[in-house]
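Q: Could you take a close look at the annotated binding-site positions of this protein and describe the surroundings of a few of them?

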Number of protein chains: 2
Amino acid sequence: MMTREDCLALDACDPLAELREAFSLPEEVIYLDGNSLGARPKAAVERARQVLAEEWGEGLIGSWNSAGWRGLPERLGNQLARLIGAGEDEVVVTDTTSINLFKVLVAALRVQADRDPSRKVIVTEASNFPTDIYMVEGLADMLQQGYSLRLVDRPEDLPAAIGSDTAVVMITQVNYKTGYLHDMAALTALAHECGALTIWDLCHSVGAVPVDLKGAGADYAIGCTYKYLNGGPGSPAFVWVAPALRELVWQPLSGWWGHARQFGMEPRYEPAPGIGRYLCGTQPITSLALVECGLDTFAKTDMQALREKSLALTDLFIARVKARCGAHPLTLVTPLEHARRGSHVSFEHPEGYAVIQALIERGVIGDYREPRIMRFGFTPLYTRLTDVWDAAEILGDILDSGAWREERFMTRKQVT
Amino acid sequence: MMTREDCLALDACDPLAELREAFSLPEEVIYLDGNSLGARPKAAVERARQVLAEEWGEGLIGSWNSAGWRGLPERLGNQLARLIGAGEDEVVVTDTTSINLFKVLVAALRVQADRDPSRKVIVTEASNFPTDIYMVEGLADMLQQGYSLRLVDRPEDLPAAIGSDTAVVMITQVNYKTGYLHDMAALTALAHECGALTIWDLCHSVGAVPVDLKGAGADYAIGCTYKYLNGGPGSPAFVWVAPALRELVWQPLSGWWGHARQFGMEPRYEPAPGIGRYLCGTQPITSLALVECGLDTFAKTDMQALREKSLALTDLFIARVKARCGAHPLTLVTPLEHARRGSHVSFEHPEGYAVIQALIERGVIGDYREPRIMRFGFTPLYTRLTDVWDAAEILGDILDSGAWREERFMTRKQVT
């Protein structure tokens, strides 16, 4: 069994240790919520000053060209593509995950409507992140063409749920609650065998686990940049479409940024060739520009090295919670099998909400998800084995002492 | 006829003169493009530092609650509502103009489908900003339910184009090319008489002319915050829906931010009561927070005072260009009538593109719009009569000398 001294020694010789230097993290905080909002790259403050004081303040309208604002979605998309197994000019950073999901959902359903209009079912997990489900509901409600959701309770039930009626299989690669990591290649192959298309939501996998969209033969992917990619609060999302599908249909949010000639000011829409047609309206440049600071923090490593560290971190947390908190009613809901585990670890506790509040007060920042789930994210870029050790110790203290029973921890506030 | 000395004297006693102090504008630049990208409020740099260094860097995930990030769309919406004649809790700042247009278009068409499904026409101006037209095309193409656009060439032809087949009249209150200011109350009344609903795009009117949505009985409105509202490049847009229409239907982009209980993580969508249902996904907080700095610059004045100054500025520019540049082939396309004029002035010139490039090199920043239109925006918050005088003089110099004929001005670059 590892000791805290072992953790210190391993941290000291960790080849990724210096990456933590790129981030600003408060003293006395163990931040295990980078899977919800990534930490701030130190470079972000100066980059924002540059965008605002120089590019906006001095360059004014000219900065759309001279500072490259207009090209940011494509430029950042190319930088991000390397992390998800996508090619050059195949990704744009734009809009929100929900909006991008809407674009690819409509596109996928239109492709299927041309191939086999009887396919009307969208298969996903009942425990998928709610917004993914809600966006399908909104779309089906609008179209009134008989589309419906099939919600699957357990990952192992997915294969049986995909059949000849299935238009789209829409899966979040790493489940936001459980941390379950789906087998993208196997599920995509299965979907294709059944004639279905796949949409992969990469929110909880991009920057956390190696993703290989083209290797898996995936069809569509979307995701956010504000979790493991450290782009900043609510920073714009991304969208990828397999090149063979990209030009088959319009996506419906056909704004001027997606036009073949944006400044032609023509009275008819003509979608741009390539992934540019997945752009819509004018983008929030300050937030968008800061995505680059987040992506830059990946420049000195690769996803394989990050994956190894991520597994070492989650392995240690699972082992330490078992050793230190075994007397308490904690249930691990994250898979033990490496191949099925993302980069966060979730435990159920009957009073998970209160325990998380007590942890936060002690400086260990995890988060809570309904119902009963305590969630801990391990960002390999800036989390140390010692942090993991200490977090498990503090969790043990709080459970042993019953500190979480205090009224201020039990009272529900809005959570994020 | 006014002299430059008169301009100096009037500027000196202008009660709005001190408002310019809130903005950072480069020396030696006469900025007449605030109708495309507003100038930078000085406060924006410090606000960004605060959001990034303190709220993100120190507060981390907790800032969604403690720094009020989650409530920004509603809070900014209330601040903006006062400028457009909307009520408390009726506006949210979110997403892009194009996306918000899609939401209200679908909502309006659904309301009409329940009332009279035979109404399938969306009436707008052929010279409306292209993205508005493109979004209707994308929607009609997706729905395949027989919706079509009716494009009207001249404002005076609008009444004849609205009839018993009309579902929606979608008008940009101030035309982006011509500066024509539509009569919102009269057109809305006419649309309602014909059984049509109205969507008002306020991009070129909000913060520039008094807008009274509720007084006019309007149905839906959208607009941007990065022009006269000075929110920053690509800052998020806004949406307003008449309370009587708001809860009749879902808008289709039904993401988690629009759910009645966002953090309930429920597997079924239930739209929030009120304008909150027009939210969709997680917003770009840095860009969103800076909208407040722009809105704050309106605190020391009111739209009536700004309107008076705006008309003085555009009157002077029209008069000075006539006096100083009368020998050249310039055609005023902006109405002379005050009641029909927004806050920008456009002239056609056969080589408008080159003339604008030459002006920019001389420090007078206007912009060019296809075909042949030279556009000059007059933001009453920070533009002086002397600026207007000097801009017309420099335009005269360039036209007299033929400086715009140089090759570097004639060569087309991407324009914004």
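**Binding-site positions and aromatic surroundings**

A: In this predicted model, 25 aromatic pairs are present over all chains, and ring pairs join A:Phe129 and A:Tyr176 with B:Trp256 and B:Phe263 in a cluster. A:Phe129 is also among the positions that an unreviewed UniProt entry lists under "binding site", together with A:Thr97, A:Ser98, A:Pro130, A:Thr131, A:Asp132, A:Thr172, A:Asp201, A:His204, A:Tyr226, A:Trp256 and A:Thr282. These listed residues span 186 residues in sequence, and the farthest two C-alpha atoms are 30.4 Å apart, so they do not all gather at one spot.

Two of the listed positions can be followed in detail. A:Thr97 belongs to helix α5 of chain A, which covers residues 97-115, and because its relative accessibility is 11%, under the 20% limit, A:Thr97 counts as buried. Beyond its neighbours within four places in sequence, A:Thr97 makes contact with A:Asp201, A:Cys203, A:Ile222, A:Gly223, A:Cys224 and A:Ala237; of these partners, A:Asp201 is itself one of the positions in the UniProt list.

A:His204, by contrast, sits in the loop of chain A between β8 (197-201) and α9 (213-216), and with a relative accessibility of 4% A:His204 also counts as buried. When residues up to four places away in sequence are set aside, A:His204 touches A:Asn35, A:Val174, A:Tyr176, A:Lys227, A:Tyr228, A:His344 and A:Arg375. Among these, A:Tyr176 leads back to the ring cluster, where A:Tyr176 is linked with A:Phe129 and with B:Trp256 and B:Phe263 of chain B.

Key: Residues are numbered from 1 along each chain as its sequence is written. Chains are lettered from A and ligands numbered from 1 in the order in which they are written. This is a predicted model: local features need pLDDT of at least 70, side-chain atom pairs count only at pLDDT 80 or more; totals for chains, interfaces and linings use all residues. Side-chain values use heavy atoms; hydrogens and water are left out. Rings of Phe, Tyr and Trp (its six-membered ring) pair if their centres lie within 6.5 Å; planes under 30 degrees apart count as stacked, over 60 as edge-to-face and the rest as tilted. UniProt positions are given in the numbering used here, feature names are shortened, and annotations may be inferred rather than shown by experiment. Helices (H or I, at least four residues) and strands (E, at least two) are DSSP runs, numbered from the N terminus. Buried means under 20% relative accessible area, exposed over 50%, partly exposed in between (1.4 Å probe, protein chains only). Contact means heavy atoms within 4.5 Å.
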